[in-house]
Amino acid sequence: MSETAAQSSAPLRARAEIDLAALRANVRTLRALAPGAALMAVVKSDAYGHGAVPCARAAVEAGAEWLGTATPEEALALRAAGIDGVRIMCWLWTPGGPWREAVEASLDVSVSGMWALREVVDAARAVGKTARVQLKGDTGLGRNGCQPGADWAELVAEALRAEGDGVIRITGLWSHFACADEPGHPSIAAQLSTFREMLAYAEQAGVRPEVRHIANSPATLTLPEAHFDLVRTA
Ligand SMILES: *Cc1c(COP(=O)(O)O)cnc(C)c1O
């Protein structure tokens, strides 16, 4: 029986190692394509079923400065596995989420509305530690982002107030493309233009983000003007 197990696990192990070597090579290629930007390796959904922790480690070995997950639970699991010394961002928050744990684990948390800002501010005060907050703008994806205009102005103002109190640090301004996998799609230029306006507004108001980012994998490959400070690749 143990022989059978050994036989059947050998090809699995070989397969996992090949995947990780390929992943490292992909990360190096993508970094070379976006030389002016840092790279965030997105390892959400258990790295698309490939194993979040080994994939995250491989990506960091290959030069990824950031890791990204959808849910805070996935991000906390990376820290729990001992992945330190690399920034980890998560963006899929719901009311009552594990904000305190996220602040304690030095995650960068995405905030796309006043409710989320209030929750992270409360958590940071409770924990006694400055929270790293990235404000997400909805530039046309139509889900999970702050609308430009009055909503953005309110969110930026409130975030700056919390930053002035030392409760949060606004580490990033970001958005997500809806159709970057269709080069030339009219929504791409429109989203980029809205993103630039939202950045300009926030920066004029006094936000000094470490990273501004909108590019996912297809935009990293085909749209250099969208690279800004960070690209997020799968
Ligand atoms: C999943 C995801 C990515 C990476 O996936 P792509 O296939 O490149 O789109 C990047 N950014 C965000 C916000 C994501 O959710």
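Is Trp115 buried, partly exposed or exposed? At 33% relative accessibility, Trp115 counts as partly exposed, since buried means under 20% relative accessible area, exposed over 50% and partly exposed in between, with a 1.4 Å probe and protein chains only. The model is a predicted one, in which local features need pLDDT of at least 70 and side-chain atom pairs count only at pLDDT 80 or more, while totals for chains, interfaces and linings use all residues. Residues are numbered from 1 along each chain as its sequence is written, and side-chain values use heavy atoms, with hydrogens and water left out.

Trp115 belongs to helix H6, where helices (H or I, at least four residues) and strands (E, at least two) are DSSP runs numbered from the N terminus. Helix H6 covers residues 114-127, and its 14 residues should span 20 Å at 1.5 Å a residue, which agrees with end C-alpha atoms that are 20 Å apart; the expected span is 1.5 Å times one less than the number of residues. Met114, Ala116, Leu117, Val120, Val121, Ala123 and Ala124 are the buried residues of H6. An α-helix has 3.6 residues a turn, so residues three or four places apart point the same way. Among the elements that cover the buried residues of H6 are helix H5 (99-104), strand S4 (108-111) and helix H7 (150-164), contact meaning heavy atoms within 4.5 Å. After H6 comes Gly128, whose phi is positive, near 75°.

In the loop between S4 and H6 sits Ser112, which is buried with a relative accessible area of 17%. Leaving aside residues up to four places away in sequence, Ser112 touches Lys136, Asn144, Gly145, Cys146 and Leu155.

Rings of Phe, Tyr and Trp (its six-membered ring) pair if their centres lie within 6.5 Å, and planes under 30 degrees apart count as stacked, over 60 as edge-to-face and the rest as tilted. By this rule there are four aromatic pairs. In one of them, the rings of Trp91 and Trp174 have centres 5.6 Å apart and planes at 50°, so the pair is tilted. This pair links distant parts of the chain, with Trp91 in the loop between strand S3 (87-90) and H5, and Trp174 in strand S6, 83 residues apart. Both Trp91 and Trp174 are buried. Trp99 and Trp115 form an edge-to-face pair, 6.4 Å centre to centre with 75° between the planes. Trp99, in helix H5, is buried with a relative accessible area of 3%, and ring pairs link Trp93, Trp99 and Trp115 into a cluster.
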